Amino acid sequence: MRFKPSYAPGPTDVRENVRLALAKKTNNTDFDKEFIHYYHEVCQKMGRVMGTTNEVLLLAGEGILALEAACASLTEPGDRVLVLDNGIYGEGFQDFVRMYGGEPVVLSFDYHKDIPVEELRNYLEKDHDFKYATFVHCDTPTSILNDVSQLSPLLKEYGILTVVDSVAGMVGEPIDVDQNQIDICCGGTQKAISAPVGLAIVSISEDAKKAMDNRITPIASYYANLQIFKGYIEKGTLPYTMPAGNIEALDVALDNILKEGQLAVYERHARIASAVRKSIQEYGLTLFLESGCSNTVTAIIIPAEIGALRLQQHIQETYNLFIATSLAQYEDVILRIGHMGENAFIEKILSVLTVIDNGLRDLGFKGKGNLGQLFLDTYRAEN
């Protein structure tokens, strides 16, 4: 199989020093007591990046494991759970809730906009009898960004625990877990963190721990059970064999982020994203969103006479570059550009936009100028 560079919304490129860390010889993580302390140190470093003093756990699995583990650990049969839905992954939370015996109440909003805070407030005034609520920070299939700083504190006002999927937002967008009163924040290493796929990230507040401790029924899972880590430092053992190489790689990826400076990382993502959105529109294409644009991914509507899937296939076959479309009803409508983590650098985005321009022209679309050059001109004008 030929290697195809990818500008999908994750997994992202991995920097060379991170790749080399993955290749290091490691000790036996089941029996090496030093590894337990090292694991804890990396979790704490992850917490600093997330803006939390809450306990942070690294789970051996892709980011979705964090979402399921959060729902599995909180949900008991009959629990009402508010699922805030303005994107495909937001809606998908109901499956985890139902899987573990809960009763999901789905509150849906326009998929072209971020969740309206006042509309949610009006709803909660009438009904707030929920154990917890779920929502997505950045819902990648449509690139929507929801305002964590408004939504989570509002839910907490009504005594509702919050579970936030920030897999595609974390590091590319501020998350500030403690400041924003997030009870369980879920992430993954393969997006803006730019570490290899294989670790899910979970931070757990004291309120969330209390809810787990006060369960009447046992958690209906072992692997997707956050309580199996309880007291691991004192016990000197982790609940299952950890992928030491992935943790080494994450450690180095976090060092890369901290060395650049988190504010600088956020600004880099914002500058790249703004120039992408503006150049796309100037070129003659339409953004999927009306508001709430994420700085980690951009969703573009591809004209129906071309089709997103046809354009994707043409670019892959002709230019050996993989660019993602979307999911479900938007699979043949949206083309997504991932500009997060190691992919959020001007030379890389210039390259991918030039290929998209070539692919569209090959299929008969007449853009207004050269897409790559428009991006470059916009970026320079704004910076």
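A residue is buried under 20% relative accessible area, exposed over 50% and partly exposed in between, with a 1.4 Å probe applied to protein chains only. The views below show a predicted model, in which local features need pLDDT of at least 70 and side-chain atom pairs count only at pLDDT 80 or more, whereas totals for chains, interfaces and linings use all residues. Residues are numbered from 1 along each chain as its sequence is written, and side-chain values use heavy atoms, with hydrogens and water left out.

**View 1. The annotated domain, residues 28-291.** The UniProt record, an unreviewed entry, carries the annotation "domain: Aminotransferase class V" for residues 28-291. UniProt positions are given in the numbering used here, feature names are shortened, and annotations may be inferred rather than shown by experiment. Within this span, 42% is helix and 17% is strand, and the end C-alpha atoms lie 49 Å apart. Helices (H or I, at least four residues) and strands (E, at least two) are DSSP runs, numbered from the N terminus.

View 2. Two strands pair if DSSP finds at least two bridges between them. Strands of a sheet pair through backbone hydrogen bonds, either parallel or antiparallel. Strand 7 (residues 161-165) and strand 8 (residues 184-188) run parallel and are joined by 3 bridges; valine 164 has cysteine 185 of strand 8 as its bridge partner.

View 3. Helix 3 is mostly covered, with 9 of its 11 residues buried; among them are Leu65, Leu67, Cys71 and Leu74.

**View 4. Strand 1 beside strand 9.** These two strands run antiparallel and are joined by 6 bridges. Valine 56 stands opposite serine 203 in strand 9. Strand 1 is mostly covered, as 5 of its 6 residues are buried.

**View 5. Aromatic pairs, 7 of which are held by the structure.** Rings of Phe, Tyr and Trp (its six-membered ring) pair if their centres lie within 6.5 Å; planes under 30 degrees apart count as stacked, over 60 as edge-to-face and the rest as tilted. Tyrosine 39 and tyrosine 232 form an edge-to-face pair, 5.4 Å centre to centre with 85° between the planes. Because tyrosine 39 lies in helix 2 (residues 33-50) and tyrosine 232 in helix 8 (residues 232-235), the pair ties together parts that are 193 residues apart in sequence. Tyrosine 39 counts as buried at 0% relative accessibility, and tyrosine 232 is buried with a relative accessible area of 3%. Phenylalanine 229 and tyrosine 240 are likewise paired edge-to-face, at 5.8 Å centre to centre and 80° between the planes. Phenylalanine 229 belongs to the loop between helix 7 (206-213) and helix 8, and tyrosine 240 to the loop between helix 8 and helix 9 (244-260), 11 residues apart.

**View 6. Arginine 268 over a ring.** Arginine 268 lies over the face of phenylalanine 345, at 4.1 Å from the ring centre. A charge sits over a ring if NZ of Lys or CZ of Arg is within 6 Å of the ring centre and within 35 degrees of the ring normal.

**View 7. Backbone geometry at proline 11, glutamine 181 and serine 194.** Most residues other than glycine have a negative phi, and most peptide bonds are trans. A cis peptide bond joins glycine 10 and proline 11, with omega about -10°; proline 11 is found in the segment before helix 1 (16-22). Glutamine 181, in the loop between strand 7 and strand 8, has a positive phi near 60° and counts as partly exposed at 38% relative accessibility. Serine 194, in the loop between strand 8 and strand 9, also has phi near 60°, but serine 194 is buried, with a relative accessible area of 4%.
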